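Open the model in your viewer and keep the selection panel ready.

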Amino acid sequence: MSSSAAEPPSTLAMLPIITGLALAFTITAVDPLVLSLNMPRISRALEVPPDAVGFLGGAATLVIAAAVLAVGSLGDAFGLRRTLVVGLVGCTVVNLLSALSPGYPFLLAMRLLDGLALAAVLGVSLALLKSSVPAAQRPKAIGIFMAVETVLCGVTPSVGGWLVDTVGWRWLFLLAPLLALTSLALTLRYVAEPPVLRRRQVDVAGVSLVGLALLTLVYGIAEAENGFSRPGTWVPLTVSAVAGVLFVVREHRTPQPVLDPALFRSAPFTVAALGSLVLNFMVAGFSFSLGQFGSVVLTLPQSTIGLLYLPGTLAIAGIVVLAGNLIGRYTPRPVLIAGLLGLVAGALLMAATASPTMPLWVLVLATWTTNLGSLVASAAVAETILSAAPPGKSGAVSSVQPAFGMSGYALGPAVFVLLLNLFFQRQWLDDAQQRGLSAAEAEEAVDATRSAMARSPGTAGYDPNLLRQSGLDLGWDFTDGLRLTMVVVSLLPLALAVAAWLLIPRRTRSGT
């Protein structure tokens, strides 16, 4: 009798809890994704300055990356469930106000506030999953958790494109509130508040330093295309490096660090944290490249680019659920390696097949492979990081994954645009030389294109007509630049897969 009473609830019985928390977690991915994919329409409607479009698109993501570590600690101190509820309510209100935006400054302010709300949601949703699900069932729960995110990230881009094309861009801001209110209802009904064991002070200095390091790093990389010797490039990069060093020193000396350095003494934890950064770096950079290549070279409408995420979504969801089961049966190690190799495969497939006349199904396959690899790897990362969280510190530890992830998400477009610009320039210079054009003549033809890319990262900033002027085959030049970029970035997940193979211990199901 007592054994049956102590029996943990089944995964099916916990499905409302898992779904509610997964919906909350997914909002943090869907919200910036649908905005980025539809930014050209929004920026034209609100007359956003060209050099501010990129910042508008990434404002929320940068705030999340800078604030999410603090949110994890606050959740431990004041209640994880309470923090999630505040974040969901804030996300709903801010998005509804965004739909009423009279102009660019108002929408930018809303995006910054939205970043704070999304940081609250992202910083505690995984911690609540850890506290709500028994450890033995957590890998399966993570698989379902990531499957919910998979389906919604596959469906919402096409829904968002349809809304913008049929009823207007303002309706785009109703998607996040719809998900937030559904998550809020499930959370209030089924998710219990974990006990708060002790109140912790927030490391304000640490949070400020990591935020400064990230913001100046992204800005410096974006400016690097104009030359590394310019003060606009090396000054912010230097500030970022100094802030990073001061952050490490601070975290080693303060009694209550926002990011406990002791966690990184564990090789699996370190590899998992870097895995979160790399997979989000690849996904964000790939999305940027997909938007640019699709609209510039393939001249696809935004709604069609959004549909590229839809095919195979259910298959990915099923594979992610299977990955959760495999993590529970074996370890996160093989699943993490498989996911990272999936990211490598997606990048190399794009590098091998990209052309101005490539079939759409190949582009769908490259998108599918990249998304599959990222979500499979994310499941393994989540289990590895959550298993390291001691009682009372679930929020602080679990927030490491989104902190590293959002840093990668912010860096991805900046690094991809830098590489793409450098390789694109090399290609059109070679093209001009073969055609007998001077470098000055060729640069004049692509100057507007290059400026649009540098000032509006993550958006469709090119005029497709520019790619057909001046006698240069800029469509192929851009494509070759993209292919080289994909080859270079594929080295990151490949190197991390090797590190996971060497550094994460291999153990059997029994843990021996």
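**Stop 1: a helix pair**

This is a predicted model. Select helix 14 (residues 332–353) and helix 20 (residues 491–503): their axes come within 8 Å and cross at roughly 165°. Angles over 145 degrees count as roughly antiparallel, so helix 14 is roughly antiparallel to helix 20. The crossing is left-handed.

Now show side chains at the contact. From helix 14, pick Arg 333, Leu 336, Ile 337, Leu 340, Leu 341, Leu 343 and Val 344. From helix 20, pick Pro 493, Leu 494, Leu 496, Ala 497, Ala 500 and Trp 501. Colour them by class: 12 are nonpolar, none is polar and one is charged.

**Stop 2: the core**

Which residues have the most contacts inside the largest nonpolar core? Select Leu 129, Phe 145, Phe 293, Leu 336, Leu 363 and Met 486. The core itself has 151 residues. Helix 17 (residues 400–434) gives the largest share, 16 residues. Leu 336 is also part of the contact between helix 14 and helix 20.

Centre on Phe 293. Leaving out residues up to four places away in sequence, Phe 293 touches Leu 298, Met 350, Ala 354, Ser 355, Met 358, Leu 363, Phe 478, Thr 479 and Leu 482. One of these, Leu 363, is itself among the residues with the most contacts inside the core.

**Stop 3: the whole chain**

Zoom out and switch to cartoon. The chain has 20 helices and zero strands. Of its 512 residues, 58% count as buried.

Methods:
Residues are numbered from 1 along each chain as its sequence is written. This is a predicted model: local features need pLDDT of at least 70, side-chain atom pairs count only at pLDDT 80 or more; totals for chains, interfaces and linings use all residues. Side-chain values use heavy atoms; hydrogens and water are left out. Axes are lines fitted to C-alpha atoms, for helices over the stretch in contact, and angles run from 0 to 180 degrees between N-to-C directions. Helices (H or I, at least four residues) and strands (E, at least two) are DSSP runs, numbered from the N terminus. Angles under 35 degrees count as roughly parallel, over 145 as roughly antiparallel, 65 to 115 as roughly perpendicular and the rest as oblique. A crossing is left-handed if the near helix is turned anticlockwise from the far one by less than a right angle, and right-handed if clockwise. Contact means heavy atoms within 4.5 Å. Ala, Val, Leu, Ile, Met, Phe, Trp, Tyr, Cys and Pro count as nonpolar, Asp, Glu, Lys and Arg as charged, and the others, Gly among them, as polar. A nonpolar core is a set of buried Ala, Val, Leu, Ile, Met, Phe, Trp, Tyr and Cys residues joined through side-chain atoms within 4.5 Å. Buried means under 20% relative accessible area, exposed over 50%, partly exposed in between (1.4 Å probe, protein chains only).
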